[in-house]
Structures are given as C-alpha cells and as structure tokens.
Amino acid sequence: MYKNIKKIRELKNLTRDHVADELKMSTSGYGKIERGEVDLTVSKLEKIAEVLDVSIEFIFRFDVSLFFENKTNRKRDLL
C-alpha cells in the first residue's frame with residue numbers, strides 16, 4: 001500500500017512537498033509514510049486518498065503494471 005501511495009503521487013505529478021502541505025504535515029513525515037516507516041490510521045489514509053483524488057480501495061488495489069499494460073493494449077488495438 002505504501003509504495004502504491006508513492007506511485008500514484010508520482011503518476012499524478014504531485015510533489016512530496018505538495019502532498020505533505022495538503023496533509024498539514026512535514027515533508028519528512030510524509031516521506032516516512034511513503035517508505036512504510038509508520039502505521040497509517042484510517043483517517044490519515046482517507047486524507048491521503050482525498051489529496052490524491054482516488055479512493056482508498058484504489059490505493060490498495062493499484063498495480064502500476066496494469067496502467068502501462070492498458071496503454072500498450074490500446075496502442076495495439078489502434079494498429
């Protein structure tokens with residue numbers, strides 16, 4: 001889940017500083033979340049999902065390989 005938060009943030013071109021600011025926390029504190037060094041509360045996870053504009057379920061189920069696979073399949077379908 002923690003790696004998914006980071007990947008989603010990066011794919012949305014959001015900086016750690018921006019997300020940390022939105023969560024009203026330090027950038028280093030938010031970095032600990034992305035590295036899985038802290039346990040997340042449900043309320044903090046809800047806030048992260050809100051900032052990333054995704055559902056909590058999406059964070060848990062996100063698979064970056066599916067994101068790129070879908071793009072590849074669409075290109076093949078167009079050929």
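Modeller: Helices here are DSSP runs of H or I with at least four residues, strands are E runs of at least two, and both are numbered from the N terminus. This is a predicted model, where local features need pLDDT of at least 70, side-chain atom pairs count only at pLDDT 80 or more, and totals for chains, interfaces and linings use all residues. Residues are numbered from 1 along each chain as its sequence is written, and side-chain values use heavy atoms, with hydrogens and water left out.

Colleague: What share of the 79 residues is buried?

Modeller: Buried means under 20% relative accessible area, exposed means over 50%, and partly exposed is in between (1.4 Å probe, protein chains only). In this protein, buried residues make up 25% of the 79.

Colleague: Is Arg-9 buried or exposed?

Modeller: Arg-9 counts as buried because its relative accessibility is 6%. You'll find Arg-9 in helix α1. A contact means heavy atoms within 4.5 Å. Leaving out residues up to four places away in sequence, Arg-9 touches Leu-14, Thr-15, Arg-16, Val-19, Tyr-30, Glu-34 and Leu-52.

Colleague: OK, now the surface. Which residues form the negative patch?

Modeller: General idea first. Patch residues have over 30% relative accessible area and no salt bridge; like charges are joined within 9 Å, and nonpolar side chains (Val, Leu, Ile, Met, Phe, Trp, Tyr) within 5 Å. A salt bridge is a side-chain nitrogen of Lys or Arg within 4 Å of a carboxyl oxygen of Asp or Glu. Here, the negative patch is made by Asp-17, Asp-21, Glu-22, Glu-46 and Glu-50.

Colleague: Which helix gives the most to that negative patch?

Modeller: That's α2, with three residues. Both α2 (16–22) and α4 (42–52) supply at least two residues each. Glu-50 sits in helix α4, and Glu-50 counts as exposed because its relative accessibility is 66%.

Colleague: And which residues gather in the positive patch?

Modeller: Lys-3, Lys-6, Lys-7 and Arg-16 do. Helix α1 (residues 2–11) gives the most, with three residues. Lys-3 is one to look at: its place is in helix α1, and Lys-3 is exposed because its relative accessible area is 65%.

Colleague: One more, on contacts. How many of them join residues at least 24 apart?

Modeller: Among contacts between residues at least 6 apart in sequence, 60% join residues at least 24 apart.

Note on methods: Accessible areas come from the Shrake-Rupley method with a 1.4 Å probe; for residues, only the protein chains shown count as cover. Lys and Arg count as positive and Asp and Glu as negative; His and the chain ends are not counted. The place of a charge is taken as NZ of Lys, CZ of Arg, CG of Asp or CD of Glu.
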